[in-house]
Amino acid sequence: MTSLSNTVAIVTGGSSGIGKETALTFAERGARVVVADLDKEGGQAVVEEIEAAGGQAVFTETDVTDPDSTEAMVETAVEEFGRLDYAFNNAGIGGTQAPIHEIEPEDWAAVVDVNLQGVFNCMHAELQQMQSQEDGGAIVNNASVLGKVGFEGASGYVAAKHGVLGLTKTAALENGETGVRINAVCPGFIETPLLEAGGITNDPDLRKMIEERHALNRLGTSEEVADAVLWLVSDEASFVTGEALGVEGGYLSQ
Ligand code: NAI
């Protein structure tokens, strides 16, 4: 796969789970990484792990719901490393689980704020920087298999992830001639702290039920999502833009 030496990547939600693994994979392939997250301690630990392996990384405390914060995140990439080649807009939350007629409107809005508005805020800042560079860049947004189908009790999450796919397609159209490709990954259920917080991985019956929804009859790993992200930003995917790539073990095959 393409070497990423001398490139610069931002990973939001880079302190944990899929984002952490993707930050580590970017660094293994030679990119300098900006780890952007609310969680400072987790993010510093990722930076230390990258540096211990001989890579370069910096942590920037970022709240993706705040446009000033995402702008500062991009400024950090440019100030520290001179440019921005890749961004993985991955920060997200599971949100409150409740049917539409029961959920508090502010709880519904909170998940949309992080999972949809957050992706917009990131792209708003990233695209300006990438468009100002001669050789553009590549963005991957983390949607979900729930960006393509519904899931009971998760209307805010599902609506936000469907929205991320709409944003991704529109950004791809708007950037056809700027040299910036924009794609999304749509993971199935991946074993991360998010699933633990949602009570899925620590409840054997629920876990089994969720596993069986995937043709491969298991949960996915963060490494499997990271590999898809790295392919999407690579030159091997040079004719791929506006795509919503499933990394979902056959969840939608039935
Ligand atoms: P995680 O909980 O392990 O990591 C999420 C990270 O995002 C955390 O480090 C958290 O501090 C950060 N974050 C949350 N709100 C933030 C904000 N406002 N600003 C900046 N950072 C913020 O979760 P996981 O599973 O790694 O999820 C990452 C992404 O993958 C999310 O967008 C999630 O919706 C998506 N996803 C996860 C799946 C799963 O089964 N775990 C399946 C499909 C998609």
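First, a term: a polar contact is a pair of N or O atoms within 3.5 Å. Keep in mind that this is a predicted model.

Start with Tyr157. An N or O atom in the Tyr157 side chain is 2.6 Å from an oxygen atom of the ligand, so that pair falls within the 3.5 Å cut-off. Ser16 also puts a polar side-chain atom 2.6 Å from a ligand oxygen. For Asp37, the distance from a polar side-chain atom to an oxygen of the ligand is 2.6 Å.

How much of the ligand does the protein bury? Alone, the ligand exposes 830 Å², and 92% of that is buried by the protein. The ligand takes up the space of the largest pocket.

On to charge pairs. Side chains of opposite charge can pair when their charged atoms come close. This structure holds 7 salt bridges. One of them joins Asp227 and Arg29, with the closest N and O atoms 3.4 Å apart. That pair links distant parts of the chain, 198 residues apart. Asp227 sits in helix α8 (residues 222–233). Arg29 sits in the loop between α1 and β2 (32–37).

That's my tour. Over to you.

Key
Residues are numbered from 1 along each chain as its sequence is written. This is a predicted model: local features need pLDDT of at least 70, side-chain atom pairs count only at pLDDT 80 or more; totals for chains, interfaces and linings use all residues. Side-chain values use heavy atoms; hydrogens and water are left out. A polar contact is a pair of N or O atoms within 3.5 Å; within protein, one must be able to donate a hydrogen and the other to accept it, and residues adjacent in sequence count only if both atoms are side-chain atoms. Accessible areas come from the Shrake-Rupley method with a 1.4 Å probe; for residues, only the protein chains shown count as cover. On a 1 Å grid over the protein atoms alone, a cavity is a set of points where a 1.4 Å probe fits but cannot get out, and a pocket is an open set with protein on both sides within 12 Å along at least five of seven lines; lining residues have an atom within 4 Å of a point. A molecule sits in a cavity or pocket if more than half of its atoms lie within 2 Å of its grid points. A salt bridge is a side-chain nitrogen of Lys or Arg within 4 Å of a carboxyl oxygen of Asp or Glu. Helices (H or I, at least four residues) and strands (E, at least two) are DSSP runs, numbered from the N terminus.
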